[in-house]
Amino acid sequence: MTSEKELIDREDLTAVMTLDQQRSVFKNIDLMVIPLIVLLFAGIFSFHFALTVGDWDYWVDWRDRRWWPLVTPLSLIVLPSVFGYLLWTRLRLPLAGTVSIISLALAAWVSRVMNFEVFAGFPLNMVSPSTFIALGLILDCVLLLTRSFFFTGFFGAFLFALLIYPLNWPLMAPFRVPVEYNGILVTVADLMGYEYIRTAMPEYVRIIEHSTLRTFGEAVTPLTAVFAGFLGILSYFFWTWIGHVASKAVWIKRIF
Amino acid sequence: MVKQNLQKEVPPSVPWRNLGVVLFFLLMLFGAYRYYQHATSFTVGLDYFEPEFQTYWMNLLYVQLVIEFIVFVSIVGYLIVTRDRNVMSITPQEELKRYYNLFGYVIVFSVIAYLAASLYTEADAAWHQVTVRDTDFTPTHIALFYFGIPTFIIVGTSAFVYAHTRLPQFHNRVSLPLALVIAGPIMIMPNLGFNEWGHTFFYAEELFAAPIHWGFVLLGWSAFAAGGFLIQALTRIIQLSRLPEEDLSLQK
């Protein structure tokens, strides 16, 4: 069995002799690790986002006032929290939110065009992804300015979840225009949904606008946003702890 | 104990050409598969019980499963048979070169992670919103679960075996983060079985965010351990790239 002493003996060995060689190693590692991280973020985040948010972000008629502003930020905050712990504590880089969400955005755009428009034939303005990059920027900026997970959780994560609806309002507004269709008041988004029938169309499947106080004054959306903000705080702290656990360099003697 | 001769050892370079060749081959393979998927899914891929489906998709399934098994056994078997039996005596330059090779494996793993977990997965989402399903063998399932994920498993396992057969830090012990990262894709296959059983027997909807799919989310989270693996690898690379303090005349 390899002894600890053999490993400790190897710690003094070095593969470089000069400063140029050292810099060359650093450059090589950067050139390998940075694309690797972007691709991993794109893959993991896409997969996670697809299976937690999924249809809420795939279709413009699924972006309602109840579920989309709640589910989406809670799903989005996971990777920035998990990898934010690693990048901040080990590298002092407040980049996790920005990099992970940009990676997601790139992957999402490729997927929506290739899969939903080209492959399945849906119109692109029906399946375009929402915008989230600003949320990642806000989270990272709060971490940069406060240098504290505590304040980032309370303020950054709260803003992260709170602002998703106003951030996307310019994109969604044209699809919220009311129209009369067969005597019923619907939105342009609903009309697009009726034209492009999907398996997720029936009312018992489509999880939008499901709640009791749908006519809760004008506070439906702000109420959801603030609730999402508070849940975002809890999520941020939980997933940062998961990041702490996941970034441990653990060696075990055997698997079986 | 490795004796170091700082005067004569040349630092290694990254195997960019080999990496480029492998990535080019994989991108061509995934691209060609995708082209085939676009060309035949909505023409001959809608009805499992049509003879054309058997010709264009089920035959492809059988062939690709056989090829994947052969490739897996070949690569992993080769890595095990040619393992370094004197790994604790390699020079630091050789060790650094092997870390470059390991990162090459992980880059290929990441490319396939993106292709399988993003592009091919959401093709399945789009497919199911258009056609529901007739059986568990749809064109998008054959592409994702019987081509994309197995390729993912092959590369991931190869990276794991490479690290544990050629690097001193991984000798006679197991990197738990790397094991977790690889275990996730592997366990997707049994979870797929549960998922298809659920869709067949009681869960007719195809919402991607439905609870029946949350097993996949959990397994996707195994990739969070990539941070731990990076810490393990980069810690050693920092040691290997430390300038020799005792001989300052070698520094420019």
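Buried residues account for 45% of the 256 residues in chain A of this predicted model. In chain B, 42% of the 252 residues count as buried. The two chains meet across an interface in which 68 residues of chain A are in contact with 72 residues of chain B. The points below go through the chains, their interface and a few local features worth a look on your screen.

**The two chains**

- Chain A has a secondary structure of 12 helices and three strands.
- Along the principal axes, the C-alpha atoms of chain A fill a box of roughly 80 × 40 × 40 Å.
- Of the contacts in chain A with a separation of 6 or more, 69% are between residues 24 or more positions apart.
- Chain B contains seven helices and one strand, and its elements follow the order α-α-α-α-β-α-α-α from the N terminus.
- The C-alpha trace of chain B spans about 75 × 35 × 35 Å along its principal axes.
- In chain B, residues 24 or more positions apart make up 82% of the contacts with a separation of 6 or more.

**Where the chains meet**

- With 68 residues of chain A in contact with 72 residues of chain B, the elements giving two or more residues to chain A's side are helix 1 (4-10), helix 2 (19-52), helix 3 (55-58), helix 5 (78-91), helix 6 (96-119), helix 12 (220-246) and strand 3 (251-252) of chain A.
- Helix 2 of chain A provides the largest share of that side, 23 residues.
- Sorted by class, the side of chain A that touches chain B holds 41 nonpolar, 16 polar and 11 charged residues.
- Strands also link the chains: strand 3 of chain A pairs with strand 1 (residues 174-175) of chain B in the antiparallel sense over two bridges.
- In this pairing, Ile252(A) stands opposite Val174(B) in strand 1 of chain B.

**A loop residue at the interface**

- Val16(A) lies in the loop between helix 1 and helix 2 of chain A.
- Val16(A) counts as buried because 25 other C-beta atoms lie within 10 Å, and the cut-off for a buried residue is 20 or more.

**The nonpolar core**

- The largest nonpolar core has 131 residues, of which Leu40(A), Ile44(A), Leu102(B), Ile112(B), Ala113(B) and Ala116(B) touch the most other members.
- Helix 3 (residues 92-131) of chain B gives the most to this core, with 22 residues.
- Setting aside neighbours within four places in sequence, Leu102(B) is in contact with Ala159(B), Tyr162(B), Ala163(B), Leu167(B) and Ala233(B).

**Helix 5 of chain A**

- Helix 5 of chain A has 14 residues and reaches 19 Å from its first C-alpha to its last, close to the 20 Å expected at 1.5 Å a residue.
- A kink of about 30° in helix 5 of chain A is centred on Gly84(A).
- This helix is mostly covered, as 11 of its 14 residues are buried; among them are Val78(A), Phe83(A), Gly84(A), Tyr85(A) and Trp88(A).
- The cover over the buried residues of helix 5 includes helix 2, helix 4, helix 6, helix 8 and helix 12 of chain A, together with helix 7 (226-240) of chain B.
- After helix 5 of chain A comes Arg92(A), which has a positive phi near 55°.

**Helix 9 of chain A**

- The 14 residues of helix 9 (residues 149-162) of chain A should span 20 Å at 1.5 Å a residue, which agrees with the 18 Å between its end C-alpha atoms.
- Helix 9 of chain A has a kink of about 25°, centred on Gly156(A).
- Buried residues in helix 9 include Phe149(A), Gly156(A), Phe158(A), Phe160(A) and Leu162(A).
- The buried residues of helix 9 pack against helix 4 (68-76), helix 8 (133-146), helix 10 (164-172) and helix 12 of chain A.

**A hairpin in chain A**

- Strand 1 (residues 178-181) and strand 2 (residues 184-187) of chain A pair in the antiparallel sense over four bridges.
- Pro178(A) stands opposite Thr187(A) in strand 2 of chain A.
- These two strands form a hairpin with two residues between them, and Asn182(A) in the turn has a positive phi of about 55°.

Note on methods
Residues are numbered from 1 along each chain as its sequence is written. Chains are lettered from A and ligands numbered from 1 in the order in which they are written. This is a predicted model: local features need pLDDT of at least 70, side-chain atom pairs count only at pLDDT 80 or more; totals for chains, interfaces and linings use all residues. Two residues are in contact if their C-beta atoms, placed from the backbone, lie within 7 Å. Ala, Val, Leu, Ile, Met, Phe, Trp, Tyr, Cys and Pro count as nonpolar, Asp, Glu, Lys and Arg as charged, and the others, Gly among them, as polar. Two strands pair if DSSP finds at least two bridges between them. A residue is buried if 20 or more other C-beta atoms lie within 10 Å of its own, exposed if 12 or fewer, and partly exposed in between; C-beta atoms are placed from the backbone. The expected span of a helix is 1.5 Å times one less than its number of residues. The bend at a residue is the angle between axes fitted to the seven residues ending there and the seven starting there. A nonpolar core is a set of buried Ala, Val, Leu, Ile, Met, Phe, Trp, Tyr and Cys residues joined through C-beta atoms within 7 Å.
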